[in-house]
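Please open the model in your viewer, and keep the sequence panel beside it. The tour below goes from one selection to the next and says what is to be found at each stop.

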Amino acid sequence: MAIDLRAFTNARVALGRAGHSLPTAELLRFQLDHARARDAVHHSLDPRHLPPHVLLHSAAPDRATYLRRPDLGRRLSADSAALLAPGDYDAALVVADGLSALAVERHAPPLLDALLPRLEGWRLPQLHVVLQGRVAVGDEIGQRLGAALVVLLIGERPGLTSPDSLGLYLTWAPRPGRTDAERNCISNVRPEGLDYALAAHKLHFLMQEARARRLSGVALKEDALLL
Amino acid sequence: MNLRELLAKASPLRSGDQLAGLAAETAEQRVRAQMQLAEVPLQRFLNEPVIPYESDEVTRLIVDTHDAASFAPIAHLTVGGLRDWLLSEAADGQTLAALSPGLTPEMVAAVSKIMRLQDLVSVAARRRVVTRFRTTIGLPGRLATRLQPNHPTDDPRGIAASVLDGLSYGNGDAVIGINPATDNVTVVHNLLRLLDDMRQAYAIPTQNCVLAHVTTQLQALQRGAPIDLVFQSIAGTEAANTSFGVNLALLDEAWQAARELRRGENVMYFETGQGSALSANAHHGVDQLTCEARAYAVARRYEPLLVNTVVGFIGPEYLYDGKQILRAGLEDHFCGKLLGLPMGCDICYTNHAEADQDDMDALLTMLGVAGVNYIMGVPGADDIMLHYQSTSFHDALYLRSTLGLKPAPEFEAWLDSQPALSPNQWLLT
């Protein structure tokens, strides 16, 4: 009965065995994937890879603190908060390193290239980049800028086979205290997952809908599924 | 210091208690608190709930179901005295089983805080908890696995491929359980049919489960889906359970519905994990180990077939590294077993935790020695849907062969009847 189970799933099936253990090649393939995921978590974002922007820092001073204190990654440092002044904006675009700066360096610039032409007529502040940031840091930035909605591009937690997934989060009327149920998320943006053009299309659709209906989150999600 | 604060200060170091602002501030303060905790009479736990009776239904469950007669033999002890007694020859399996209804979660959490890992292993190893559905799980000399064939799009062929692969490695005797990517009644119904068809086609003595929200499973049940076990994630406070969308009344309803199907004896499957109450901002200033033990009070109300702590899934802000995950896994197993639960463990970690396969090997081996009822079997230890690393089919074989453990007896007999699946031949590899 020679069926190649690998034809049906990306799971690590049909690995063979050495005694009761993994064969050497499979053991090392796993170790390599884990090493890449670990490197992605600890890679520092190099802002030079990103378009012109205002550089901000969360209240978490370094990666070790960031991993232990999610609350600090959700708000700005005092110095960074002082850099932001309210304007009259339809949306603010924010990039945060999150758990994979690699994802941001690779996929945020092409995603922005695909998105910005669709936002003609939108009043946008300059791009803001946050180091040691989590999703909710966008709420404080959006509020301080006086933006009607905030879109956050962030590196997702690396999976064993996807160390560089970019996530996109949209929040209407951002302010600290917003919950995840009040956001919309587009996940796994990368060439092997959701490609830039389709991701930009979906994000633009959600931005238009959020602006028209003045909300985001669960209520908006239902209709967006009809895409 | 009240009991709640003392329990928190005495907890071995972990990031979640630090995040909550409950942990001891120095190493010395922690050990001083442990010394103080060791002097606390067990009786005090009955008089001083860590979360008020009036405001939390889990506290009410703990207080209202406490069995004074079972407690009587240890009623005169302190926490330290309980540790000494648990490690003594007097505390054999039968005695520990009779004691379970007299123990509260807070008592077992407290004593675990002043035990070393070898203590946690040595006591738990004596306390066998045996449950039954189509297989018998938890017998001495046995180790079962949950076969976890998850797929990012719930693709039936992808799931079937992982199930076949796992069966070929002798995995799946605790349950074949899918975490669905989509919590939707049609998806759940279809996956249950797939698993039930496979079970019947190969006459596999095991039970199936699709780990959607309990309300989704109840809807599928009403549509006639072939439900064996009803699953739910639970936590140790009413508020945390509310954040999971459950309460005791709903779980009562689910338990009754599952029993009415008359497909097996123990019909519930629960998952827990340290940190879930804090994550839901529902911990009431109680440390995460004590909250976790309180979740076991919820579980034991329903005489479950399976309970497992998903120990490293929640991330480094609750359990920072391999050392903290190792200890938490052994604490959870110990606390659950002492309270009378059929404890398994999802020995696992995420990629942002300071942990790797070596840490998992250490916990796996120690839990095997401690007599864990079951572990997870994930293809190559890599869950491609939930994006974390658990234990592999191979890991179960390692533990069984190294410690001389066998699968559940009904499953073992089935494996022996399948020439292509016998231990020395492999179906598909």
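Is D228(B) buried or exposed? D228(B) counts as buried, because its relative accessibility is 1%, where buried means under 20% relative accessible area, exposed over 50% and partly exposed in between, with a 1.4 Å probe and protein chains only.

Before going further, please note that this is a predicted model, in which local features need pLDDT of at least 70 and side-chain atom pairs count only at pLDDT 80 or more, while totals for chains, interfaces and linings use all residues. Residues are numbered from 1 along each chain as its sequence is written, chains are lettered from A and ligands numbered from 1 in the order in which they are written, and side-chain values use heavy atoms, with hydrogens and water left out.

R134(B) lies in the loop between β1 (131–132) and β2 (136–137) of chain B, and D228(B) in the loop between α13 (214–222) and β6 (230–233), so the pair ties together parts that are 94 residues apart in sequence; helices (H or I, at least four residues) and strands (E, at least two) are DSSP runs numbered from the N terminus.

Next select K113(B) and D287(B), whose side chains also meet in a salt bridge, at 2.8 Å from N to O. This pair links distant parts of the chain, with K113(B) in helix α9 (residues 105–113) and D287(B) in the loop between α16 (276–279) and α17 of chain B, 174 residues apart. Both K113(B) and D287(B) are buried.

**Around R327(B)**

From K113(B), move to R327(B), which has K113(B) among its contacts (heavy atoms within 4.5 Å) beyond the neighbours within four places in sequence. R327(B) sits in helix α18 (residues 322–338) of chain B and is buried, with a relative accessible area of 15%. Its side chain reaches the backbone oxygen of M115(B) at 3.0 Å.

**Aromatic pairs**

Select F270(B) and Y302(B), which form a tilted aromatic pair, 5.8 Å centre to centre with 50 degrees between the planes. Rings of Phe, Tyr and Trp (its six-membered ring) pair if their centres lie within 6.5 Å, and planes under 30 degrees apart count as stacked, over 60 as edge-to-face and the rest as tilted. F270(B) is buried, with a relative accessible area of 0%, and Y302(B) is buried, also with 0%.

**Where the chains meet**

Finally, show both chains: 43 residues of chain B are in contact with 36 residues of chain A. The area buried between them is about 3200 Å², of which carbon and sulfur atoms give 60%; buried area is the accessible area (1.4 Å probe) that two parts lose on being put together, summed over both. The count between chain B and chain A is 2 salt bridges, and one of these joins R38(A) to E354(B), with the closest N and O atoms 2.9 Å apart. To end, select α11(B), which gives the largest share of the side of chain B that touches chain A, namely 6 residues.

How values were computed: A salt bridge is a side-chain nitrogen of Lys or Arg within 4 Å of a carboxyl oxygen of Asp or Glu. A polar contact is a pair of N or O atoms within 3.5 Å; within protein, one must be able to donate a hydrogen and the other to accept it, and residues adjacent in sequence count only if both atoms are side-chain atoms.
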